[in-house]
Amino acid sequence: MPANSVSPVPQMPTNSVSAVPQMSLRVTMSVGVVAMVNHSAIPHVSTSHVTICLNASGDLPPPSAGGNSTETAPSSAGARVEDGEYAWDEFTQGLILSSFYWGYTVTQIPGGYFTERYGTKIVLGVSQGSNAILSLLIPAAASLGAPWVMVVRVLQGLACGVIYPCLYPTLGRWFPTNERQMALGCINGFTAFGIVTTSACSGLVAASSGWRAIFYITGGVGVAWLLAWIALMHDTPADHPRITERERRLIASGNATKRRTERRPPYLQMLRSPPVWAIVITECANSWGLTYLLTSLPTYMKHILGYNIRANGLLSGLPLLGRGIAFCGAGLAGDLLLRRGWVTTEQIRRTAATLVTGGCALLLLLVTFVGCQPAVTTFFFFMAGFFNGFIGTGHLVNSLDIAPNYSGSVYGIANFLANAVAVLNPIVTGAIIRGHQTMERWSYVFYLGCGIFCTALVSYQVMMSVDRQHWDKQEDIYDAPDDIDEKKGVSNSIDVCMEETAESNGVSKKADR
């Protein structure tokens with residue numbers, strides 16, 4: 001950080017881990033459904049590649065005589081032990097995995113508005129409490145049938161949908177403009193690491209204690225986190241009981257984000273803004289690709305690469321590990337490059353978007369060419385996650401550039417439309433694969449993702465901007481008393497810096513004497 005920067009503590013660790021339990025509750029079903037389903041009870045037209053791909057887990061079923069079979073391929077004793085109790089076919093599994101996004105999509109735009117209006121602490125606190133309790137209900141819902149699991153997952157989606165719209169107003173209120181990439185990178189990096197840990201532990205827990213324990217443990221952790229959130233979280237620097245005046249002034253320096261918005265978000269003007277659509281289209285591609293990693297990858301690793309549940313839980317989290325590394329590294333590097341004046345904000349945004357969309361498109365294409373090489377395929381998925389992590393310096397933070405006051409609403413629109421598209425991902429994947437667990441069918445899935453990323457690459461480069469939009473500046477007319485006090489801190493922060501410089505000069509002169 002530069003000399004004049006401030007690390008908002010405890011807000012930085014609080015915000016950094018705020019999305020971890022929420023996202024962990026989101027991904028438990030991806031590994032959980034693999035352990036819940038009795039795969040040997042589902043008829044498959046073709047499972048030839050399960051018998052071909054040899055991997056380090058050692059679960060290689062014996063080959064069938066003809067390569068293809070109208071019945072489920074024979075499996076080893078270990079594989080039979082791992083089978084669950086529900087005969088849900090691929091399409092039903094796709095509906096279960098997709099149902100989360102049905103609810104998740106609905107609360108994106110309201111989440112941004114409520115956070116801008118009422119603050120993050122209440123909105124995200126209610127969200128987390130609801131999500132944790134619903135996780136505890138999943139085993140009971142499963143015993144009633146797949147539709148009840150879908151109902152619970154829809155409700156979890158409704159609760160979870162406010163996370164990212166909550167994030168951007170909080171960043172705008174708590175971090176100076178030259179530290180936001182670092183802050184966003186750390187928050188998303190911690191989130192990715194939390195998902196990796198959850199994915200790995202879910203596989204181990206399912207293998208040792210059964211799949212129900214996955215949901216009981218993550219739900220309990222979510223309740224514990226809620227208590228910490230209530231104790232440590234404060235919406236703005238002005239609300240924090242232990243912040244110093246110097247810290248408050250430095251945070252306010254150059255910060256255009258208001259404490260609370262007074263007007264309703266100008267949605268029609270946002271929807272007519274090309275920079276907003278650049279963010280929307282790129283986020284649609286990002287959500288489509290991320291849904292592959294969060295929902296479909298464990299199934300692909302089981303049926304095509306042949307990994308058992310323990311290895312599946314560990315290896316399916318590797319792309320998220322790469323994503324977390326890139327998030328943290330790119331955020332720190334982006335802020336450093338901007339402070340040194342080596343690049344412009346626009347150059348960083350364009351470069352990052354190219355790495356995200358172009359890199360992911362290339363790697364999904366390469367997966368279709370490597371054939372039955374589990375180690376190489378797993379590495380390509382890891383690198384796809386790594387390239388995806390550059391969104392922290394690309395379109396993901398672009399909403400703070402163009403609309404610091406309405407960043408939550410802008411990202412709410414983007415995430416609403418993106419998840420409306422992502423809802424279709426597990427359903428489309430299940431429809432393509434249904435009854436044909438082969439590399440050829442999965443290749444069609446990856447070709448589709450490659451095309452979506454290429455479309456986003458071109459669209460973002462054509463329409464993006466880093467200039468603050470006129471409809472966001474209109475909010476500056478409505479200044480509440482608290483906002484006036486915050487703006488006084490902007491000019492006062494210069495005095496603080498001058499005082500520090502004078503004090504240091506005085507010390508050095510005394511030393512010379």
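Q: In this predicted model, which residues does Ser98 touch, not counting residues up to four places away in sequence?
A: Ser98 lies in helix H3, residues 90-106. At 0% relative accessibility, Ser98 counts as buried. Setting aside residues up to four places away in sequence, Ser98 touches Val423, Pro426 and Ile427.

Q: What secondary structure does the protein hold, and how many helices are there?
A: The protein has zero strands. Its helix count is 22.

Q: What percentage of contacts between residues at least 6 apart in sequence join residues at least 24 apart?
A: The protein has 513 residues, and buried ones make up 59% of them. Take the contacts between residues at least 6 apart in sequence. Of these, the share that joins residues at least 24 apart is 87%.

Q: How far apart in space are Gln128 and Val162, C-alpha to C-alpha?
A: Along the sequence, Gln128 and Val162 are 34 residues apart. In space, C-alpha to C-alpha, the separation is 9.8 Å.

Q: Which helix gives the most to the nonpolar patch on the surface?
A: The patch is formed by Leu144, Trp148, Val151 and Leu155, with about 410 Å² of accessible area together. Leu144 lies in helix H5, residues 120-144. Leu144 is exposed, because its relative accessible area is 60% and the cut-off is over 50%. Three residues of the patch come from the helix that gives the most, H6 (residues 146-160).

Q: Which residue follows H8, and what is its phi?
A: The phi of the residue after H8 is positive, near 95°. That residue is Gly210.

Q: What span should helix H14 have, and how far apart are its end C-alpha atoms?
A: H14 has 23 residues, 318-340. Its buried residues include Arg323, Phe327 and Asp335. At 1.5 Å a residue, H14 should span 33 Å. The end C-alpha atoms agree, being 33 Å apart.

Q: Which residue follows H14?
A: The residue has a positive phi, near 75°. It is Gly341.

Q: How close are the N and O atoms in the salt bridge of Glu346 with Arg350?
A: Both residues lie in helix H15 (residues 345-367), four residues apart, about one turn of the helix. Residues three or four places apart in an α-helix point the same way, because there are 3.6 residues a turn. Glu346 is partly exposed at 33%, and Arg350 is partly exposed at 24%. The closest N and O atoms are 3.0 Å apart.

Q: How many residues in sequence separate the parts tied together by Arg349 and Asp401?
A: The side chains of Arg349 and Asp401 meet in a salt bridge, 2.7 Å from N to O. Arg349 lies in helix H15 and Asp401 in helix H17 (residues 395-402), so the pair ties together parts of the chain. Both residues are buried. The separation in sequence is 52 residues.

Q: Which residues does Thr377 contact, leaving aside its neighbours within four places in sequence?
A: Thr377 is found in helix H16, residues 374-388. Thr377 is buried, with a relative accessible area of 0%. Leaving those neighbours aside, Thr377 is in contact with Tyr300, Leu305, Val367, Val370 and Gly371.

Key: Residues numbered from 1 in each chain as written. Predicted model: local features only at pLDDT ≥ 70, side-chain atom pairs only at ≥ 80, totals over all residues. Heavy atoms only, no water. Patch = residues over 30% accessible without salt bridge, like charges linked within 9 Å, V, L, I, M, F, W, Y side chains within 5 Å. Areas by Shrake-Rupley, 256 points an atom, 1.4 Å probe, with all protein chains shown as cover. Salt bridge = Lys/Arg side-chain N within 4 Å of Asp/Glu carboxyl O. Helix = DSSP H or I, 4+ residues; strand = E, 2+ residues; numbered from the N terminus. Buried < 20%, exposed > 50% of the residue type's maximum accessible area, 1.4 Å probe, protein only. Contact = heavy atoms within 4.5 Å. Expected span 1.5 Å × (residues − 1).
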